Amino acid sequence: MSRSLRVLGIDPGLTRCGIGVVDVAPDRTATLVHVGVARSAPTDPIEKRLAAIAAGIRSVLSTHDPQVVAVERVFAQNNRHSVMGTAQASGIALLLAAEHGIPAATHTPSEVKAAITGYGSADKLQVQTMVARVLRLAEPPQPADAADALAIALCHAWRGGAASPSSETALTPAQRAWRDAEKRRGPLPRVARTHVRSGA
């Protein structure tokens, strides 16, 4: 009998670290299990901030017992300070996965966009809107870091977990419709992009 895959998605950040857990069935349907953020105060010393992020992730690991952890891969940005904080939070997530004996994977932002919307150039708002549709939520979870964590979890399940899409037929009808509509009209206006990556 086919079983769902429980994935913990992490959108790493030092001020706000998005944490989302989803159950994804082999037919690609998904159910929300948990969503939230782990926070740390920018005024705290770095070791205390990392401990706060670790405590938030550890609590979710213990409570929801995911089978795999998926973390957004750190990529180059102009703000080196922000990248450093993101990388540190990412390292904490991967370390905790190892401590719990859970496999971990990383995915780039472009991989997540393509997996969630079927449209590689989708912006943050489009990804978050699709996450809400896939999980049958009234609106995208807030803050944006939380919705991004769910997107990362869904991306992992769909790319190589519960289902591994490799063709046009792997997209859900909603994803195909969304992708085709975006190809016709292009991405949303830039002013709609309100997401700011955590860091600092």
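Which residues in H3 meet which in H5? I looked this up in a predicted model, where local features need pLDDT of at least 70, side-chain atom pairs count only at pLDDT 80 or more, and totals for chains, interfaces and linings use all residues. Residues are numbered from 1 along each chain as its sequence is written, and side-chain values use heavy atoms, with hydrogens and water left out.

**Helix pair.** I found Glu-111, Val-112, Ala-115 and Ile-116 of H3 meeting Ala-151, Ile-152, Leu-154, Cys-155, Trp-158 and Arg-159 of H5 (contact is heavy atoms within 4.5 Å; helices are DSSP runs of H or I, at least four residues, and strands are runs of E, at least two). The axes, lines fitted to C-alpha atoms over the stretch in contact, come within 9 Å and cross at roughly 75°. That makes H3 roughly perpendicular to H5 (65 to 115 degrees, on a scale from 0 to 180 between N-to-C directions).

**Core.** I then checked the largest nonpolar core, which has 25 residues (buried Ala, Val, Leu, Ile, Met, Phe, Trp, Tyr and Cys joined through side-chain atoms within 4.5 Å; buried is under 20% relative accessible area, with a 1.4 Å probe and protein chains only). Val-7, Ile-116 and Leu-154 are among the members touching the most others. H5 gives the largest share, eight residues.

**Strands.** In S1, six of seven residues are buried. I see S1 antiparallel to S2 over seven bridges and parallel to S4 over four (pairing needs at least two DSSP bridges). Val-7 has Val-68 as its bridge partner in S4, while Arg-6 has Asp-23 in S2.

Methods: Angles under 35 degrees count as roughly parallel, over 145 as roughly antiparallel, 65 to 115 as roughly perpendicular and the rest as oblique. Buried means under 20% relative accessible area, exposed over 50%, partly exposed in between (1.4 Å probe, protein chains only).
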